[in-house]
Amino acid sequence: MDNDGDLFHPSLAAALLKLDPEDGEQILEYFRTHALLSREKALLQASVRDQRKLLVENGKLKKDIEQLRVQLHEKQRRRTAKALLSPAPPPPTLSPASATPASQPAPPTGAAVTTSPPPPSSASCERRERQGRRRRGERKARPTSDALSLGAEPRLDVSRLDLRVGRVLSVRRHPLAETLSVQEVDVGENAPRTVVSRLGEKRDLEELRDGLAVLLCNVKACKLRGVVSQARILCCSASSSSSDDDDDCIELLAPPTGSAPELLAPPTGSAPGDRVTFLNYPGDADRELQSKQRVWELLQPDLQVDCRGVANYKGCGFEVKGKGLCRAPSLANCIIR
């Protein structure tokens with residue numbers, strides 16, 4: 001390129017015009033345009049590379065900021081816990097000399113002065129009490145901190161329930177109870193789970209075969225009339241009545257008079273083993289629900305079907321991610337058991 005901004009040397013342009021006087025100027029203009037387009041393309045590619053580099057650097061900065069925020073939150077939590085757990089300073093003790101009022105009148109001259117022994121100090125009382133406990137073989141109980149007891153309290157929400165989609169492989173009557181039925185359900189594990197329920201009291205059991213259902217999978221396995229039940233099928237019912245078959249087992253659904261409960265239906269496209277989650281409650285489920293904590297009994301009143309037939313917990317829907325919400329087939333404004 002010369003000083004005037006031309007892309008070609010003057011001698012090269014003159015030679016080209018001499019070889020082709022008619023089209024030489026058009027050829028030169030074509031070459032100039034092509035060179036300018038190539039230069040603009042190179043500048044654009046360099047700009048795109050710079051933009052990508054800036055995006056990568058922004059991502060790293062965001063990650064560093066998030067790590068610093070987590071570290072700051074952790075330090076504040078530790079500082080708060082340390083302040084709560086640190087013992088309060090003991091109250092100052094007054095010596096016998098300082099405890100004597102300065103305005104106490106002096107005894108009259110010639111009167112007999114009787115001196116009473118000073119009261120035992122708190123340190124000596126505590127020492128005697130400790131020695132007495134040693135002789136009796138007792139130990140002083142350590143005080144429990146309120147902060148520790150509050151921190152150890154587990155959360156109580158629906159995220160503690162391990163809810164999964166299952167497919168009913170087979171269903172039969174319970175051999176020892178006409179009102180009970182036994183289902184083999186595939187929940188995405190190596191082997192199906194056996195579930196005992198009251199679903200067969202007033203309905204044809206063949207309707208349940210090959211159907212999808214929502215199961216509570218982290219209940220404690222127990223025997224119901226001689227058959228071990230390993231999960232619980234969630235149903236919709238317009239009645240709140242229920243009964244227990246065994247004291248140590250899960251509560252079974254008792255259908256309303258003259259009608260049968262409906263299986264809670266997962267969304268279309270669900271597969272055995274899909275997890276049912278809740279957007280507002282992202283915690284991890286318990287490995288196994290402890291019967292002493294009565295988690296299911298405390299959460300069950302808030303498990304309901306709304307007016308649109310959608311199953312929810314405190315207004316947050318039963319969701320299979322990417323597939324939709326769980327619903328009642330035909331009921332609305334009813335409970336889930």
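In an open sheet of six strands, the order is S11-S8-S17-S12-S13-S14 and the pairing is antiparallel, where strands are DSSP runs of E with at least two residues, helices are runs of H or I with at least four, both numbered from the N terminus, and two strands pair if DSSP finds at least two bridges between them. The edges of this sheet are S11 and S14, each of which pairs on one side only. This is a predicted model, in which local features need pLDDT of at least 70 and side-chain atom pairs count only at pLDDT 80 or more, while totals for chains, interfaces and linings use all residues. Residues are numbered from 1 along each chain as its sequence is written, and side-chain values use heavy atoms, with hydrogens and water left out.

Strand S13 (residues 311-313) runs antiparallel to S14 and is joined to it by two bridges; Tyr313 has Cys316 in S14 as its bridge partner.

A further open sheet, of five strands, has the order S3-S2-S1-S4-S7, again with antiparallel pairing. Its edge strands, S3 (193-197) and S7 (232-233), each pair on one side only. Between strand S2 (residues 177-186) and S3, which run antiparallel, there are five bridges, and Ser181 stands opposite Ser197 in S3. Ser197 counts as buried, at 9% relative accessibility (buried means under 20% relative accessible area, exposed over 50%, and partly exposed in between, with a 1.4 Å probe and protein chains only). The side chain of Ser197 also makes a polar contact with the side chain of Gln183, at 3.1 Å; such a contact is a pair of N or O atoms within 3.5 Å, and within protein one must be able to donate a hydrogen and the other to accept it, with residues adjacent in sequence counting only if both atoms are side-chain atoms.

The count of aromatic pairs comes to three, where rings of Phe, Tyr and Trp (its six-membered ring) pair if their centres lie within 6.5 Å, and planes under 30 degrees apart count as stacked, over 60 as edge-to-face and the rest as tilted. Two of them are listed here.

| Pair | Centre to centre | Angle between planes | Class |
|---|---|---|---|
| Tyr30 and Phe31 | 5.8 Å | 55 degrees | tilted |
| Phe278 and Phe318 | 4.8 Å | 70 degrees | edge-to-face |

The pair of Phe278 and Phe318 links distant parts of the chain, 40 residues apart, with Phe278 in the loop between strand S11 (262-263) and helix H6 (295-299) and Phe318 in the loop between strands S14 (316-317) and S15 (319-320). Both Phe278 and Phe318 are buried, whereas Tyr30 is exposed, with a relative accessible area of 54%, and Phe31 is partly exposed, at 38%.
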